[in-house]
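This report goes through selected features of one protein model. Please read it with the structure open.

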Amino acid sequence: MYAQMVKSTGSAVKSLHEMTPQERAFQERVDAGERIEPKEWMPEGYRKTLIRQIGQHAHSEIVGQLPEGNWITRAPTLERKAILLAKVQDEAGHGLYLYCAAETLGVSRDELYEALHEGRMKYSSIFNYPTLTWADIGAVGWLVDGAAIMNQVPLQRCSYGPYARAMVRICKEESFHQRQGFDIMMKMANGTPEQKEMAQDALNRFWGPSLMMFGPSDEHSVHSAQSMAWKIKMNGNDELRQKFVDLTAPQAEFLGLTIPDPDLKWNEERGHYDYSEPDWDEFFEVLRGNGPCNKERLGARIEAWDDGAWVREGLMANAAKRRPMAAE
C-alpha cells in the first residue's frame with residue numbers, strides 16, 4: 001500500500017535449516033509473535049526492509065498533504081475548511097511518528113529526505129493524481145484513506161515494536177479521515193444533479209488508482225514473501241485489495257454511485273465481489289515518474305526543503321551555542 005514495491009533481501013525466504021543460529025532464534029521470536037525492539041539483534045535485511053517501508057510510508061503521509069492542502073482555502077464552508085485543515089495536520093503528525101520510528105533503525109531523517117529528493121525512495125502512487133474538484137477531497141477520504149486503513153490496521157501487529165506502536169494512533173485518526181470523506185461523498189450524492197455528477201466523476205477517476213495502492217499481485221514477488229515471513233507485512237496485496245472491494249462496493253451502492261467496472265458483481269460461490277484488474281501499465285508509468293503530478297509533488301517537497309534551510313541552520317547554530325553552556 002504505502003509500501004508499494006518495497007524490496008527486501010532480493011532472495012527467496014530461507015528455511016529454518018538454512019539460517020544461522022542467530023537468524024533462527026530471531027525468526028522463532030517473530031513466529032511466536034514477539035516484538036523486536038531497536039537495540040535487539042536483527043538481520044541486516046530485516047533492518048533495511050523496515051527502513052525502506054517505514055520511510056516510504058512516512059514520505060507518503062507528508063506528500064499526501066499536498067493534494068488536500070490544495071483545497072483548504074477553497075473548501076465550501078468554514079466547517080469543511082476547519083475539518084480539512086485538521087486532517088492535513090494529522091497527516092503531518094503521522095509522517096513525524098513514522099520518521100521517528102525509522103530513526104530507531106539507525107537512519108537519520110536527513111538521509112530519508114535525501115533519498116526521496118534523489119528518487120531513491122518512493123511514496124504512494126495515489127498522490128500523483130490531481131484533486132480537481134471538492135468531490136475529489138471526498139473520494140480521497142473515502143477511497144484512499146479507506147485503502148490505507150485496510151493495510152494499516154494489521155500493521156499494528158507487525159513484528160517491529162516502534163512501527164506497530166506508531167500505527168495505533170495513526171489508524172485511529174485515519175478512521176476519522178475515512179468517515180469525513182464518506183460524509184462529503186454522501187452530501188454530494190444527495191445534492192443537486194450537478195453535485196452528484198461531480199461525485200460520480202471523482203469516483204470514476206480515483207477507483208483504479210485506489211486499487212493500485214495495494215501493489216501488484218504477490219504471486220510474482222519474493223520480496224513480499226520475505227516481508228510476510230518477518231511479519232513486516234501482515235497480509236498479501238490481493239487479499240487486502242479483495243477486502244477493500246468487498247467493503248467499498250456496498251458503500252457505493254448506498255451512495256447511489258456506480259463503480260466504474262463493468263465486471264464488478266457479487267460472486268455467491270466465492271463469497272466475494274469479482275472485479276477487473278487495475279491498469280498496471282499506468283501504475284508502473286506513475287512509479288517511473290510519469291504520472292500526472294509526479295514532478296509537481298516532488299518539486300514541492302524539494303522547494304520546501306530548500307526554503308527551510310535557514311530554519312535548520314539557525315537551530316543548529318543555537319544548539320552549538322548552548323552545548324558548552326550545558327557542559328558547565
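Val168 is partly exposed, with a relative accessible area of 33%. The model is a predicted one. Val168 belongs to helix H7. Between Val168 and Gly308 there are 30 Å in space, C-alpha to C-alpha, and the two are 140 residues apart in sequence.

Is Asp145 buried or exposed? Its relative accessibility is 3%, so Asp145 counts as buried. This residue is part of helix H6. Leaving aside residues up to four places away in sequence, Asp145 touches Lys87, Glu91, Val140, Glu174, His177 and Gln178. Asp145 is 14 Å from Ile62 in space, C-alpha to C-alpha, with 83 residues separating them in sequence.

## Helix H10

Helix H10 runs over residues 237-255, which makes 19 residues. From its first C-alpha to its last it reaches 27 Å, close to the 27 Å expected at 1.5 Å a residue. After H10 comes Gly256, which has a positive phi, near 80°.

The buried residues of H10 are Asn237, Leu240, Arg241, Gln242, Phe244, Val245, Asp246, Thr248, Ala249, Gln251, Ala252 and Leu255. An α-helix has 3.6 residues a turn, so residues three or four places apart point the same way. Which elements cover the buried residues of H10? The cover includes helix H6 (134-155), helix H7 (161-189) and helix H8 (193-212). It also includes strand E2 (272-274) and H11.

## Cysteines

How many disulfides are there? The count comes to zero disulfides, and the cut-off for one is a pair of cysteine sulfur atoms within 2.5 Å.

Two cysteines show the reasoning. For Cys100, the closest cysteine sulfur is in Cys158, at 16 Å, which is too far for a bond. Cys100 has 35% relative accessibility and therefore counts as partly exposed. For Cys171, the closest cysteine sulfur is also in Cys158, here at 11 Å, and this too is too far for a bond. Cys171 counts as buried because its relative accessibility is 8%.

## Second largest pocket

The volume of the second largest pocket is about 220 Å³. Its lining consists of 13 residues. Lys122, Tyr123, Gly289, Asn294 and Leu298 lie nearest the centre of this pocket. Helix H11 (280-290) and helix H12 (294-307) are the elements that give two or more residues to the lining.

Sorted by class, the pocket lining has six nonpolar, five polar and two charged residues.

## Cavities

A search of the whole structure gives two cavities of 30 Å³ or more. What lines the second largest cavity, which holds about 40 Å³ of space? The lining is made of Pro67, Ile126, Phe127, Tyr129, Thr131, Val140, Val144 and Phe206.

By class, this cavity lining has seven nonpolar residues, one polar and no charged. Val140, listed in the lining, is also among the residues that Asp145 touches.

Terms used. Residues numbered from 1 in each chain as written. Predicted model: local features only at pLDDT ≥ 70, side-chain atom pairs only at ≥ 80, totals over all residues. Heavy atoms only, no water. 1 Å grid on protein atoms, 1.4 Å probe; cavity = no way out; pocket = protein on both sides within 12 Å on 5 of 7 lines; lining within 4 Å. Points joined across faces, edges and corners; volume = space filled by probe spheres on them. Helix = DSSP H or I, 4+ residues; strand = E, 2+ residues; numbered from the N terminus. Nonpolar A, V, L, I, M, F, W, Y, C, P; charged D, E, K, R; others polar. Buried < 20%, exposed > 50% of the residue type's maximum accessible area, 1.4 Å probe, protein only. Expected span 1.5 Å × (residues − 1). Contact = heavy atoms within 4.5 Å.
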